Amino acid sequence: MELDAYHEAGHAYMAIRLGGRVTLVSIEPECDDGPRRSGETQVRWSRKLTERQLCEHAIQVALAGPVAEMLYSGNPYHPGLVAEWAHDWQMAEEQARRLMRQEHERIEFLERMTAALYRQLDAEPHWSAIAALADHLLAHETLEGPQAREIVGDWV
């Protein structure tokens with residue numbers, strides 16, 4: 001459950017940091033007809049973003065969950081090779097496809113983005129914000145958007 005909390009905190013923190021409006025973050029998502037999920041982060045973006053900005057933001061948010069989990073566990077895996085992160089990698093890859101045609105370009109771009117996020121989130125103040133958000137998720141399981149924003153407000 002702790003890994004799930006850090007994973008979702010990574011998604012939510014990155015979305016907030018990039019100006020997205022997090023509406024919900026949870027480590028106990030509602031059951032629906034889709035695949036089983038251990039967490040959920042809902043984000044809304046400004047309509048003022050260009051298509052490129054929207055794609056890049058969505059990629060960073062998708063990859064920030066696996067990166068936060070890597071940092072917490074101390075295991076820096078390739079996010080495209082871990083089954084539990086397949087959905088995140090697929091979301092990032094779909095957005096990257098909108099920006100570049102060649103598969104090798106997309107993969108290299110996503111790998112560079114992952115490495116950059118790893119360095120960024122491993123530093124202060126980012127890691128403290130993610131840890132605070134994860135702690136609240138562990139205590140409450142679900143946070144509404146304003147609660148998540150308030151928790152990380154001092155660091156954003």
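Trainee: What makes Glu93 count as buried?

Mentor: Its relative accessible area is 12%, and buried means under 20%, exposed over 50% and partly exposed in between, with a 1.4 Å probe and protein chains only. Since 12% falls under that limit, Glu93 is buried. Please keep in mind that this is a predicted model, in which local features need pLDDT of at least 70, side-chain atom pairs count only at pLDDT 80 or more, and totals for chains, interfaces and linings use all residues. Residues are numbered from 1 along each chain as its sequence is written, and side-chain values use heavy atoms, leaving out hydrogens and water.

Trainee: Why is the pair of Glu93 and Arg106 called a salt bridge?

Mentor: The term asks for a side-chain nitrogen of Lys or Arg within 4 Å of a carboxyl oxygen of Asp or Glu. Here the closest N and O atoms are 2.6 Å apart, so the pair meets the rule. Glu93 sits in helix H3 and Arg106 in helix H4, 13 residues apart, and the pair links distant parts of the chain. Helices here are DSSP runs of H or I with at least four residues, strands are runs of E with at least two, and both are numbered from the N terminus. Arg106 is buried too, at 8%. Glu93, Arg97 and Arg106 are linked in a network of salt bridges.

Trainee: How many salt bridges does the rule give?

Mentor: The count comes to 4. One of them joins Glu51 and Arg98, with the closest N and O atoms 3.2 Å apart. Glu51 lies in helix H2 (residues 51-73) and Arg98 in the loop between helix H3 (86-97) and helix H4 (103-121), so this bridge ties together parts that are 47 residues apart in sequence.

Trainee: What makes Glu51 and Arg98 partly exposed?

Mentor: Glu51 has a relative accessible area of 48% and Arg98 one of 44%.

Trainee: Why are the rings of Tyr6 and Tyr72 called stacked?

Mentor: Rings of Phe, Tyr and Trp (its six-membered ring) pair if their centres lie within 6.5 Å; planes under 30 degrees apart count as stacked, over 60 as edge-to-face and the rest as tilted. For Tyr6 and Tyr72 the centres are 4.0 Å apart and the planes at 20°, so the pair is stacked. Tyr6 lies in helix H1 and Tyr72 in helix H2, so parts 66 residues apart in sequence are tied together. Tyr6 also forms a stacked pair with Trp127, at 5.5 Å centre to centre and 20° between the planes.

Trainee: Which residues touch the most other members of the largest nonpolar core?

Mentor: Among its 44 residues, they are Ile59, Leu63, Leu110, Leu121, Ile130 and Leu133. H2 gives the most to this core, with 9 residues. A nonpolar core is a set of buried Ala, Val, Leu, Ile, Met, Phe, Trp, Tyr and Cys residues joined through side-chain atoms within 4.5 Å.
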